[in-house]
Amino acid sequence: MTESEISSLVCLCVDAVKSDLVRGDDDLLPILHELPPNLLDLLVSRLPPFALQKLHREMPFDDREDEFSDECNGNGRKRGRSSRAGNFNKAWRNLFKLRWPQTGRRIEVIEPPDWQQIYWETHLQNCLDEVVEVASLPSFDGCLGEVKISDSLLELIGCESDVATSTSGYSKLCHHCVHFGYLARCLRLQNVFCNEEICHLLRNSKLQSLELRWIRSKEHITGVCKLLNQNSESLKTLEFIHCILSSASITEICSSLSPKSLQAHGIKHFSINTTKFLETNPSSVPVELVSFLSSGRSLYSLKLSDNHLGQKFAIVLFSTLLNASSSLSILDLSENNISGWLSELCGLSKSNPRTPLRVGKSLQSLRELNLRGNNLNKDDAGDLRYALVHMPNLKVLDMSDNPIGDDGIRSLIPFLTEASEKCTRFVDLRLENCELSCHGVSELIKTLSSLSRPLKSLSIADNDIGSQVAGALGEFLCTPIQVLNAGGIGLRSSGFQVLQEKLKKELKLVEIDISKNRGGIETANFLSKLMSKAPKLAIVNAAYNLMPVESLTAICSAIKNAKGTLQRLDLSGNTWDYQLVYDSMLADIQCNERLVLILPSLTPDAPYDADP
């Protein structure tokens, strides 16, 4: 028998086994378990997801290996860590990356995952998203579990529609929830799923992360609370997006997360974003929410962004955190309207700096504070200075989109000086669109340049600063700064010329944004010198700089002479009329597979837009 004939015979056998497994022939499984290792491994590598799942779940216990408790398994039994586990995981990884190639690459970077678990979790999410489109129609009046899954999704797992219809209702959502739900850890649910039925469908799930969208009625809240209570011991991350929440509903939600059997809830990440609070008394915060935040010893991040929260709400919230015992690391109050929130709390510290605020563990452990877009002014920045003193481990502060002006920056400079001398290094300051002038930014940069432990990242983008800041900015680039966002600050050609003159030694820079600065050809000249002085430079945004097409000569030459670390270069928004002479240069640099090069579109007559 020839090699091609043997290969064809193997394919026929695999197809026959696949068909029998999908159709429910469980009598075949004991036979497959006895296959020689090389044949079983070959079978594992060629089976489609549905058939592979049946084989994987029924692999016999191997008493020669260490035992481990499979808590996910529906019957809770213990099974062996099979010597073939690696081959199964490799097969699941290949199937996942074949179906979701981009997601697969991101997952693999984060941590070595359980590919079987993540495959069926993602598949189940696809099924839920598909059912939402049907269940959201006004004419829908049925059970969610009875909604049929499309042929396209069934074919992706190797379960064609004719087989699915004839065997145990595989074509319906209920089958996928019951048989794959126990592997789901992170799900995203729309409001149509927030009812008693979904609690039944996901009864075997041990959800760790739950994202809930468009929760708006009492019926939704009732379903949500039952699902939260059902997963209260396993749930670690909870997020509400585009919801309408009353004080009563928040109380119900918090009560569901803190059952009486638990002294404290186990939520680590709690988020309410782009949500409207139906609060008749804007100065009050639901008692249960206060209790929830106070008792959350595991709480790591709290995000209440774009919820139209006012000053009074923020005061009560911050007072609660002052006395909380959690190890809160991230606090995000961005896109609200909380101007004046610290004035009362910091009044005592202003009059007597030696008298500290009553600060609990939560603020002591805080590492990231996001106050972006809160209509904060210079007085708020002054108040914040006194509050920041009591956050000794703060590493990241985002004050962007607040009109604090130069006076506000001057209020924060003493904190930056003191923070550089602490054990925990302050590393990231974001001041985009803060109505800063050249004087205020120059003063800030000179202070930062003189710190004993300089910043790693600074953003001063979208402030009308002007080219006069270029001298101080060039000197700042020569510090150990790694990330700089100076987009849209008005450098123009003269500013880029000064920056070039200041680059006299090797830089630590990894990422820079100089977009929307109208620098013309001098932008390209600056980039050319920057690439020669920054061997670790990986990401550059030079979009919308009025660079002529002749800039390509200097840029392409600099890329070729660089040390190969550049990963992304954005040159979009520079209106170029391509010429054949530049094709070969572009071809040379585009051969670098690691480099993502974003070029302008071929629209030479399009008007220039400095703010895309």
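This is a predicted model: local features need pLDDT of at least 70, side-chain atom pairs count only at pLDDT 80 or more; totals for chains, interfaces and linings use all residues.

Me: Thanks! How many helices and strands are there in the protein?
Reply: The protein has 25 helices and 19 strands. Both are DSSP runs numbered from the N terminus: helices are H or I with at least four residues, strands E with at least two.

Me: And how much of the protein counts as buried?
Reply: Of its 612 residues, 49% do. Buried means under 20% relative accessible area, exposed over 50% and partly exposed in between, using a 1.4 Å probe and protein chains only.

Me: Which residues touch the most other members of the largest nonpolar core?
Reply: They are Leu210, Phe240, Phe270, Trp341, Leu369, Leu509 and Leu569, in a core of 143 residues. Helix 15 (residues 311-323) gives this core its largest share, seven residues. A nonpolar core here is a set of buried Ala, Val, Leu, Ile, Met, Phe, Trp, Tyr and Cys residues joined through side-chain atoms within 4.5 Å.

Me: What does Leu210 touch?
Reply: Leaving out residues up to four places away in sequence, its partners include Leu187, Leu227, Thr237 and Glu239. Contact means heavy atoms within 4.5 Å.

Me: Switching topic: where do helix 13 and helix 14 meet?
Reply: Ile250, Thr251, Cys254, Ser255 and Leu257 in helix 13 meet Glu288, Leu289 and Phe292 in helix 14. These contact residues divide into five nonpolar, two polar and one charged. Ala, Val, Leu, Ile, Met, Phe, Trp, Tyr, Cys and Pro count as nonpolar, Asp, Glu, Lys and Arg as charged, and the others, Gly among them, as polar.

Me: Nice. Is Gly408 buried or exposed?
Reply: Gly408 is buried, with a relative accessible area of 0%. Gly408 sits in helix 19 (residues 405-419). Neighbours within four places in sequence aside, Gly408 is in contact with Lys378 and Ala381.

Note on methods
Residues are numbered from 1 along each chain as its sequence is written. Side-chain values use heavy atoms; hydrogens and water are left out.
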